[in-house]
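Reader: I am new to reading protein models, and I would like to go through this one with you step by step. Could we begin with the terms and then turn to the sheets, the cores and the ligand?

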Amino acid sequence: MEKILFLAHTDTNGNLPKIALETLNAALQITQGLAGSTLTVGLVGENVQAAADQIAACGATKILGVSGADFGMSRYATDVKAAEAIGIAAGATLIIVPGTSRFSRAIPGAAFRLKATIDTHVSGIQFTEGVLQVQRWYYRQRMMATLTRAARPWILVVDSGVFQPWQGAKGSAKVEVVAATITDKEKRTKVTGVEAPSADAQTIRPDAPILLVAGAGWTKKQADGQIHAKKAETLILGFLKNAKASLGSSKSLVDQGSEGEQVLTCMSHLNQVGQTGSTPRHPKGLSTCCHGEEPHVVGWRFINERRAINTDANCGWAQGKADVLYVADAFAVMAKVNELLA
Ligand SMILES: Cc1cc2nc3c(=O)[nH]c(=O)nc-3n(C[C@H](O)[C@H](O)[C@H](O)COP(=O)(O)OP(=O)(O)OC[C@H]3O[C@@H](n4cnc5c(N)ncnc54)[C@H](O)[C@@H]3O)c2cc1C
């Protein structure tokens, strides 16, 4: 019998972010899977009442909260104290946490203070003969491990996009206040503002239904012997706008800037997908002007339906890496696709 704690922080509006609602579903599944277990909710934020009301119907036995101005911002020292205080108050043996950037920084520190073991990037759960097992990937998503641990407390930091967000009616929840004592020294770090690109300049959209990947072919000489980088950029940005897609890239394309070649200004290294890049999660992916080599395609691990456009019928995508390969000129195809979408 486990004492399960779902621990989350509020966003700037006082609500729970989507990944927290996904993780709540994971915590509920674990509670149901481990007979006789109880679920407690722990919330951290400037004011946690709205978040508690948001999930009032989730079936938790109680909701604990650490709140106040000191806990509104993402700050390691105060977040660690809050998580530790809630972990102790709940007497938790299993602590399920969303892998937000804020908690990914603080929770390992809380694990140390709670003398807990911790597994991050949890991407699946299962039960074998009544024992909880979790899945996570290793070696840049090349190997998947299924593991369990006897040690308690056991903290699980859950990745986004794995579970469906919890949905339920709002209610009026009773929050039991947990005290976390903060010293002035622990408040030295202050978040003074957030610098974020404008919505149009923001090309990485984790929640987008489709990922468009652009490869180096977009900036290579085309059939007429010329490079058409400006046209490439217009076509790519046109698709992003029309399909509300997220933009990924091959390493070759994002490396070009540092190699002095003509570049697409909408690209940075943050867009790179692959072994030394990111492993985004989207229902669909469309690769354009990208060869589909293994170090790149390994980053497509979590893209469900894959299509590619390449002039080369023998490119990597043709070797069983895509569901559909269009052997065609991506400039012509994307111009037509944009026309249809518009
Ligand atoms: C240790 C290591 C780590 C690496 N990590 C990564 C990584 O994280 N991510 C990554 O992407 N790569 C990575 N690479 C590099 C990877 O092996 C490839 O070199 C890279 O992905 C190639 O990029 P590309 O397909 O865009 O370019 P290219 O290989 O140059 O391919 C361009 C493609 O565009 C096509 N093309 C050209 N014009 C058109 C057109 N008009 N219409 C349609 N198709 C067209 C061509 O046929 C060609 O297939 C790594 C390599 C190593 C050794």
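Author: Two strands pair if DSSP finds at least two bridges between them, and helices (H or I, at least four residues) and strands (E, at least two) are DSSP runs, numbered from the N terminus. This is a predicted model, in which local features need pLDDT of at least 70 and side-chain atom pairs count only at pLDDT 80 or more, while totals for chains, interfaces and linings use all residues. Residues are numbered from 1 along each chain as its sequence is written.

Reader: Which residue in E15 does Asn-310 stand opposite?

Author: Five strands form an open sheet with parallel pairing, in the order E12-E11-E13-E14-E15. In this sheet E14 and E15 pair in the parallel sense over four bridges. Opposite Asn-310 stands a residue of E15, namely Val-327.

Reader: Which are the edge strands of the open sheet of seven strands?

Author: The order of these seven strands is E5-E9-E4-E1-E2-E3-E10, and their pairing is parallel. An edge strand here pairs on one side only, and the two that do so are strand E5 (117–122) and strand E10 (175–177).

Reader: Over how many bridges do strand E1 and strand E2 pair?

Author: Strand E1 covers residues 3–9 and strand E2 covers residues 38–45. Phe-6 stands opposite Val-41 in E2. The two strands pair in the parallel sense, and the number of bridges is seven.

Reader: Which residues touch the most other members of the largest nonpolar core?

Author: A nonpolar core is a set of buried Ala, Val, Leu, Ile, Met, Phe, Trp, Tyr and Cys residues joined through C-beta atoms within 7 Å, where buried means that 20 or more other C-beta atoms lie within 10 Å of the residue's own, with C-beta atoms placed from the backbone. The largest core has 59 residues, and helix H1 (residues 18–33) gives the most to this core, with seven residues. Those that touch the most other members are Ile-96 and Val-97.

Reader: How many residues of the shell around the ligand are polar?

Author: The ligand is surrounded by 30 residues, counted as near if the C-beta atom, placed from the backbone, lies within 6 Å of it; the largest share, three residues, comes from H6. Ala, Val, Leu, Ile, Met, Phe, Trp, Tyr, Cys and Pro count as nonpolar, Asp, Glu, Lys and Arg as charged, and the others, Gly among them, as polar. Besides ten nonpolar and five charged residues, the shell holds polar residues, and their number is 15.

Notes
Buried ≥ 20, exposed ≤ 12 C-beta atoms within 10 Å, placed from the backbone.
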